[in-house]
Amino acid sequence: KTAYEIRPRDWSSDVCSSDLIKTNTYKDLFHLHLESHRDRPVLFHLTEADWEAARKRHRMLAKKLRVTVGSDNQIIHEALKTADFMITNAVPPRERFRDIAPRLKWIQTTAAGIDALMPLDWLPKDVTLTNNTGAHGPKAEESCLMGLLMLQSRLPEILRNQQNHVWDCICTTPIAGQTVVVVGFGDLGQGAGRAAKKLGMQVIAVTRSGTPHRLADRVVKASRIDGVLPKADFVIVTTPLTADTRNLMSRSRINLLKKGAGFINIGRAPIVDYDALREKLDSGHLGGALLDVFYREPLPKDSPWWTTRNTVVMPHISCDDPRYIARLLDTWFENFERFLAGKKLRNIVDRRLCY
């Protein structure tokens with residue numbers, strides 16, 4: 001029987017007994033700790049039910065593990081004393097991390113972006129960090145397909161007219177043949193590229209390296225982004241947030257966008273100068289925007305974004321699937337099998353690039 005330890009179902013109750021965690025009963029098993037913070041959306045909580053379902057899907061591998069499940073750091077210090085691996089939806093304790101987690105070999109984050117963990121100076125060099133890259137592409141593709149068609153048809157304006165009881169026959173051309181500039185071409189960016197290609201659009205990808213890609217008609221280095229932004233009928237921001245990408249879409253670059261261009265951000269808010277973007281939207285220079293990420297989330301009730309002209313506000317859901325944690329655990333088990341075989345893990349975060 002697989003050995004694992006489950007805390008009570010009541011999130012507010014005490015969790016696994018420290019005596020259980022300290023026991024040597026399972027000394028021949030690897031210890032995996034699952035840690036959730038309740039301030040994260042429920043979609044990203046690592047629950048007993050999630051683990052039990054994954055255990056049944058991966059019975060043979062699960063027999064090599066004992067598992068503790070915690071929330072809000074209630075047992076994390078005890079758990080990390082013996083943990084070999086951790087899956088977490090939050091930032092682990094940073095102070096004296098190696099002293100707290102002397103055996104830890106591998107941390108898996110539930111997210112693809114690791115900006116919340118930066119800088120990584122707290123993370124020992126011998127601890128492998130993996131992210132959830134690859135989990136978001138299919139939903140990102142659908143969201144970008146929806147967003148592109150929505151903005152092309154000027155649906156935000158039509159819906160505002162409906163609210164104001166205004167009958168205005170707004171006609172638009174087909175989207176095929178128009179140009180989309182995709183900033184970042186990883187998992188999310190490629191999803192955006194697939195969506196654009198299905199619509200018959202021209203795709204210009206902006207990447208760190210400028211390496212050609214089959215989904216893009218043209219790829220340019222980020223240092224040459226100014227040369228392609230004026231060509232964009234639409235811009236889709238998908239890049240991770242790093243020191244290099246922060247404010248990449250600055251005021252001066254937003255000023256390069258042509259009149260009527262559409263703007264989509266499913267990456268991170270600090271990549272874009274949102275004040276400059278809002279001014280361009282409110283003035284009517286830009287045709288519309290779909291924004292899934294903001295500087296403060298949840299978006300405050302008094303935020304001007306709720307009423308910004310021709311803007312669709314999405315509550316950071318464009319790339320997420322209700323099966324998110326199930327797929328994450330399946331991916332983790334695939335990597336665990338690689339770990340046991342001595343193979344290199346997939347989705348290792350490059351500490352130099354921060355993704």
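Visitor: How many helices and strands does the protein have?
Guide: Let's start with the overall picture, in this predicted model. Both kinds of secondary structure are present, and the count comes to 11 helices and 12 strands.

Visitor: Why does the protein count as compact as a globular protein of that length?
Guide: For 355 residues, the globule rule gives 20 Å. The radius of gyration of the protein is close to that, so the protein is as compact as a globular protein of that length, with a value of 23 Å.

Visitor: What share of the residues counts as buried?
Guide: Buried means under 20% relative accessible area. Among the 355 residues of the protein, the share that counts as buried is 51%.

Visitor: How much of the accessible surface belongs to carbon and sulfur atoms?
Guide: The accessible surface of the protein comes to about 17300 Å². Of this surface, the part that belongs to carbon and sulfur atoms is 52%.

Visitor: Is H33 buried or exposed?
Guide: You can find H33 in strand β1, which covers residues 30–36. Leaving aside neighbours within four places in sequence, H33 is in contact with several residues, including T68, V69, I76, F85 and I87. Its relative accessibility is 0%, and the cut-off for buried is under 20%. Therefore H33 counts as buried.

Visitor: Is G177 buried or exposed?
Guide: G177 is found in the loop between α7 and β6. The cut-off for exposed is over 50%. G177 has a relative accessibility of 51%, so G177 counts as exposed.

Visitor: How far apart in space are G177 and L199, C-alpha to C-alpha?
Guide: Along the sequence, G177 and L199 are 22 residues apart. Leaving aside neighbours within four places in sequence, G177 is in contact with G200, M201 and Q202. From C-alpha to C-alpha, G177 and L199 are apart in space by 8.4 Å.

Visitor: How far does helix α6 reach from its first C-alpha to its last?
Guide: Helix α6 runs over residues 137–152, which makes 16 residues. At 1.5 Å a residue, the expected reach is 22 Å. The reach in the model is close to that, at 22 Å.

Visitor: Which strands are included in what covers the buried residues of α6?
Guide: Several residues of α6 are buried, among them A140, C144, L148 and L151. The cover includes the helices α7 and α8. It also includes the strands β9, β10, β11 and β12.

Visitor: Which residue with a positive phi follows α6?
Guide: Helix α6 covers residues 137–152. The residue that follows α6 has a phi near 60°, and that residue is R154.

Methods:
Residues numbered from 1 in each chain as written. Predicted model: local features only at pLDDT ≥ 70, side-chain atom pairs only at ≥ 80, totals over all residues. Heavy atoms only, no water. Helix = DSSP H or I, 4+ residues; strand = E, 2+ residues; numbered from the N terminus. Buried < 20%, exposed > 50% of the residue type's maximum accessible area, 1.4 Å probe, protein only. Contact = heavy atoms within 4.5 Å. Rg over C-alpha atoms; globule rule 2.2 N^0.38 Å. Areas by Shrake-Rupley, 256 points an atom, 1.4 Å probe, with all protein chains shown as cover. Expected span 1.5 Å × (residues − 1).
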